[in-house]
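Subject: Handing over a structure for you to look at

Dear colleague,

I am passing on the structure below, and I would be glad if you could look through it with the notes that follow beside you.

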Amino acid sequence: MDRKTEALEHGSSVLLNYYNFLAFVSVVEEINNSSELLPNLTLGFHIYNPYNNALLTYTAAINIFSGMDTGIPNYSCKTSGPLAAIIEGLPAEHSNQFSSLSRIYHYPQISYTSGNLVMSDIVKFPYFYRTVPSELHLCAGIVKLLKHFGWNWVGVIAADDENSMRAVQILREGIEQSGGCIEFVETVQESSALMIQNITNIYNTIITSSAKVIILYCNRDFTDFIRYTPIWQVPGKVWIITTEWLFVYLLNNVDGKNTFAFTVGKRTIPSFHKFVREVNPALFPSEAFIESWWKDLCNNKCPKSIQRSCSSDEMPEYILHCDIVILGSSYNVYNAMYGLAHALHDMITSGSRNGILLSGESENVLDFSPWKLHHYLKKLRFNNVLGEEIFFDENGDLAIGYDIISTVFLPDGTRRNDIVGSYNPYAPPEKSFTINEKTIVWEDLFSQAPPQSRCSPSCLPGFRKLTREGKSICCYDCIRCSEGEISNQTDMDTCITCPEDQWPNQKRDACIPKVITFLSYKEPLGITLTYIIIFLFLITAVILGIFIYYQDTPIVKANNRDLSYILLISLMLCFLCSLIFIGRPKKVTCILRQIVFGITFSISLSSVLAKTITVIMAFQATKPGNKLRKWMGFRFSNSIVLSCSLLQALLCLIWLCTAPPFPYLNMRSETGTILIECNEGSIVAFYCVLGYLGFLAGISFIIAFIARNLPDSFNEAKYITFSMLVFCSVWISFLPMYLSTKGKYVVAVEIFAILASSAGLLGCIFLPKCFIILLRPERNSRKFLTKNWND
């Protein structure tokens with residue numbers, strides 16, 4: 001028994017529709033000649049052309065479902081075989097309207113052109129399938145194209161039908177999510193009474209718009225209409241369209257206008273091209289325009305795969321350069337027809353479980369229910385004639401993507417429609433969108449290629465966007481990143497704070513490692529301080545040598561030479577401990593520098609204190625009956641030095657046991673540097689150590705001040721008073737300088753305080769004695785000292 005498949009074709013009986021009609025005939029013939037697919041079963045079909053008229057579409061639907069040329073609702077008069085499915089190429093809105101009838105009868109409806117967004121709802125359209133992707137993916141592809149070229153300021157012209165309005169909303173959401181904006185949305189009205197005013201308004205909007213990219217989201221008829229209006233003549237615009245219809249004719253494209261069209265991915269069907277090349281046109285209904293189309297295939301500019309052999313008297317007068325063949329939907333028609341045939345084949349081979357009874361050699365279909373075919377369409381999966389896997393996704397859409405085509409104008413004045421990119425939502429993310437910019441020839445009116453379509457120029461790295469008050473987020477000013485922040489990409493909304501160990505470069509577009517700094521032996525300051533330390537150490541060593549060499553002279557003996565030795569050695573250690581402050585701080589050096597400094601200085605000050613007390617006791621002991629004579633001697637003075645130094649050592653020990661100093665990376669001391677310094681650990685302990693030294697210095701100063709009027713020959717009190725005055729002045733001035741100085745200069749200030757205070761003790765106490773020993777030896781005698789005492 002014969003089985004018939006009926007299809008609806010729409011629009012003009014020429015050009016694309018006629019080409020798709022040939023594809024339909026070719027694939028049905030191919031399936032019927034197959035020995036593997038539907039063997040011994042013949043597919044038939046009826047062709048209806050509603051000319052994009054809603055009334056004719058409904059009339060054709062009733063005729064199909066009733067099986068009569070004069071259809072009667074709910075009446076079936078089929079004499080040639082049951083209806084299996086509807087394959088249609090209607091516009092999106094008409095496909096939706098037709099589905100309202102087909103789903104009443106549960107017939108599968110397979111579209112090879114409609115990407116209607118609404119019809120992806122399988123609850124409302126459970127029997128709808130298509131061999132094209134949903135326009136939801138088309139919107140995503142447009143957003144990808146805009147993002148690739150950095151076009152974030154666009155205009156939209158759309159038809160006022162439900163599908164286009166919903167697409168515009170999806171486009172708006174996608175563009176805004178990718179950081180772009182739509183400057184305007186204009187709708188093309190269907191009403192002829194308002195059409196002229198509508199076109200004028202749209203033209204004025206475009207001509208005054210700063211957007212250089214216009215998205216034309218209309219069906220084929222609206223697109224074809226717009227290209228004859230002033231809208232299409234606005235210069236300096238890039239057009240993104242959703243139909244390839246503009247690429248059929250040369251009209252209005254001779255100006256080199258940049259246009260991108262998203263079209264469902266096409267493949268060449270070799271068997272169909274052979275059919276077009278060899279079929280006899282006389283087998284099909286014809287008219288003058290169709291005859292011209294067949295003659296056009298004789299043109300030598302047509303691809304060899306479809307070029308027909310014609311006699312010389314049949315050379316074409318009207319030349320389309322075979323664009324209609326390149327732009328047709330043969331691939332989608334093939335997939336639709338083969339998909340239906342495979343579903344039928346699967347259903348028949350399943351046997352009686354599907355309600356189909358086969359008898360005898362002629363295989364009569366005794367019981368056929370179209371709704372049972374849906375089960376097999378949903379599970380459909382096969383390889384088409386090109387070896388590509390074909391299946392419908394969960395929404396009934398074919399898993400296929402889009403080609404992006406653009407017109408390329410050649411130097412000789414001719415044009416060529418090239419595929420310049422693609423978008424396949426079913427491919428891996430990194431391969432879903434491709435574009436070949438080298439094949440695109442940009443319009444001469446653009447100052448740069450590719451052109452820019454932005455409300456505001458891009459903010460370069462080092463700057464961030466600041467949205468203008470009351471304006472779109474795409475309209476902004478560029479402001480420089482704040483100190484410590486960078487922006488390493490264009491059009492960043494906020495600047496990035498550099499990590500603590502890095503800082504911005506001069507352009508503030510990258511973070512670079514901070515310079516590690518510390519008071520080094522290799523830098524001028526460190527070298528200078530090192531030489532000063534060595535010089536003062538040598539001076540002290542020389543003075544110690546002088547005192548040892550002249551240890552038996554009266555002036556050395558009179559000033560407690562043991563304490564002098566201790567003081568000079570401790571001063572030498574004080575000078576040397578300054579060297580620990582120079583160089584890269586480490587855990588050991590951080591601990592030693594403050595501990596050694598505190599203890600050596602406490603020995604020095606304890607020695608000065610012992611000297612001062614010894615001077616007073618020496619004069620008091622000379623008085624008759626004074627009991628202080630028995631305290632005189634080196635043991636008493638040494639005990640003062642030892643006890644005072646041990647107390648400082650105890651403080652340092654407590655400091656080490658509680659919170660010892662440690663190396664610390666100070667990243668905020670100076671811009672662009674990492675200061676390696678010693679953190680004191682416990683600042684309280686640090687100031688206790690300094691405070692104790694201040695206490696010793698203060699006591700020494702007070703006692704020396706009291707003893708300042710004793711006889712000069714034996715009296716060191718004046719020198720000690722002056723030395724303590726220098727010592728206290730240095731350290732009092734040290735505190736504010738220490739707190740206000742930054743970086744490695746903090747260490748330099750502390751070294752200077754150590755050297756200055758130690759040099760003050762050395763100079764005030766010992767230089768006068770050395771002067772007498774070396775330059776006034778006559779004064780360094782017992783006779784001279786006794787004389788002064790008697791006087």
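Where pLDDT is low, the predicted coordinates should not be read in detail. Over the chain, the mean pLDDT is 81, and 84% of the residues reach 70 or more.

This is a predicted model, in which local features need pLDDT of at least 70 and side-chain atom pairs count only at pLDDT 80 or more, while totals for chains, interfaces and linings use all residues. Residues are numbered from 1 along each chain as its sequence is written, and side-chain values use heavy atoms, with hydrogens and water left out.

The chain has 21 helices and 25 strands, these being DSSP runs numbered from the N terminus (helices H or I, at least four residues; strands E, at least two). Of its 791 residues, 50% are buried, where buried means under 20% relative accessible area, exposed over 50% and partly exposed in between, with a 1.4 Å probe and protein chains only. Among contacts between residues at least 6 apart in sequence, 67% join residues at least 24 apart.

The axes (lines fitted to C-alpha atoms, for helices over the stretch in contact, with angles from 0 to 180 degrees between N-to-C directions) of helix α13 (residues 524–549) and helix α20 (residues 745–775) come within 10 Å and cross at roughly 25°. The two helices α13 and α20 are therefore roughly parallel, given that angles under 35 degrees count as roughly parallel, over 145 as roughly antiparallel, 65 to 115 as roughly perpendicular and the rest as oblique. The crossing of α13 and α20 is left-handed, a term used if the near helix is turned anticlockwise from the far one by less than a right angle, and right-handed if clockwise. Among the residues that make this contact are Leu 525 and Ile 532 of α13, and Tyr 745 and Lys 769 of α20. By class, the contact of α13 with α20 has 20 nonpolar, 1 polar and 1 charged residues (nonpolar: Ala, Val, Leu, Ile, Met, Phe, Trp, Tyr, Cys and Pro; charged: Asp, Glu, Lys and Arg; polar: the others, Gly among them).

Helix α18 (residues 683–706) packs against helix α19 (residues 717–740) at about 150°, with their axes 8 Å apart, and α18 and α19 are therefore roughly antiparallel. Their crossing is left-handed. The contact includes Phe 686 and Tyr 687 in α18 and Trp 731 in α19, and its residues divide into 18 nonpolar, 2 polar and no charged.

Helices α2 (residues 54–66) and α3 (residues 92–102) cross at roughly 30°, their axes coming within 10 Å, and the crossing is right-handed. Tyr 58 of α2 and His 94 of α3 are among the residues in contact, which divide into 6 nonpolar, 5 polar and no charged.

Two single residues complete the notes. His 137 lies in helix α4 (residues 135–149) and is buried, with a relative accessible area of 18%; leaving aside residues up to four places away in sequence, His 137 touches Tyr 402, Tyr 423, Pro 425 and Tyr 426. Thr 259 belongs to strand β11 (residues 259–264) and is buried at 4% relative accessible area.

Note on methods. Contact = heavy atoms within 4.5 Å. pLDDT = per-residue confidence, 0-100.
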